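Please keep the sequence and the model in view while reading.

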Amino acid sequence: MRYTILISVLNEQGNILPLLEELQAVAPYPGDYEVLFVDDGSTDGTPAELQQAKAKYPFVRVLRHGQRAGKSRAIRSGCHAAKTDWIMMVDGDMQNDPRDIAPMLAAVERDPEVKVVCGIRRRRDDTLAKKITSRLGNGIRRSLLRDGCPDTGCGFKLVHRAAMLELPQFDAIHRFIPTVATYSGWKMANVPINDRKRHAGRSKYTNIGRAFVGFFDLLGMLWMLRRNTMPGTVREV
């Protein structure tokens, strides 16, 4: 297998099977990938849908947290369990378009030194309030972190598994993958992708709540960068 499609989910009933159907329509399973769901303690019908998915699709695996631990921890659990060197992170709400996986993979094929490929949403299919808060947050992060990624909040990313496992662990670290990549000396690429409306369920964050939490996460990342000297690339000479 070339890559693992890692999907962390929390109460995504109604999205699991449609997402897999769409995925298989654009990437018929040739043994090229596995799909690894990490259920972060869902309390709706998501666990039942995941079992249906396992029974229907031979390439589906499912991990389940005993209690809710957050998206970053779910991604880390998935990275530890993945059987491939490349992790394709896809959101479980169907806002990411599976057709964009191919250009993400192509970015690595063009340049084998790339370790992180970030999806950049061309057109946000969100409410005006969410667009404004997202652009404001991305602008503040860019000015302070200078990580070369205009859309750090996009969850659609292709990352080398070894690089993912080097990330420091704290809640919301998944939003700072481009920052760690830049300061660690990993080569990064940005690829334009589509953004769509949520298929079912609802967002886990309010605009105010997202901004409030994001502000303190940003302070935490700035603190870490100031106290952690990154070596850049490390190679034997």
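The side chains of Asp-40 and His-65 are joined by a polar contact of 2.8 Å (a pair of N or O atoms within 3.5 Å, one able to donate a hydrogen and the other to accept it, with residues adjacent in sequence counted only if both atoms are side-chain atoms). The model is predicted: local features need pLDDT of at least 70, side-chain atom pairs count only at pLDDT 80 or more, and totals for chains, interfaces and linings use all residues. Residues are numbered from 1 along each chain as its sequence is written, and side-chain values use heavy atoms, with hydrogens and water left out.

**Surroundings of Asp-40**
- Asp-40 sits in the loop between strand 2 (33-39) and helix 2 (46-56); helices (H or I, at least four residues) and strands (E, at least two) are DSSP runs, numbered from the N terminus.
- A polar atom of the Asp-40 side chain lies 2.7 Å from the backbone nitrogen of Ala-69.
- Asp-40 is buried yet has no salt bridge, and Arg-68, the nearest side chain of opposite charge, is 4.3 Å away.
- Buried means under 20% relative accessible area, exposed over 50%, and partly exposed in between (1.4 Å probe, protein chains only).
- A salt bridge requires a side-chain nitrogen of Lys or Arg within 4 Å of a carboxyl oxygen of Asp or Glu; Lys and Arg count as positive and Asp and Glu as negative, while His and the chain ends are not counted.

**Tyr-183**
- Tyr-183 belongs to helix 7 (residues 177-184).
- Tyr-183 is partly exposed, its relative accessible area being 34%.
- Between Tyr-183 and Asp-147 there are 7.8 Å in space, C-alpha to C-alpha, and the two are 36 residues apart in sequence.

**Phe-215**
- Phe-215 is placed in helix 8 (residues 207-226).
- With a relative accessible area of 47%, Phe-215 is partly exposed.
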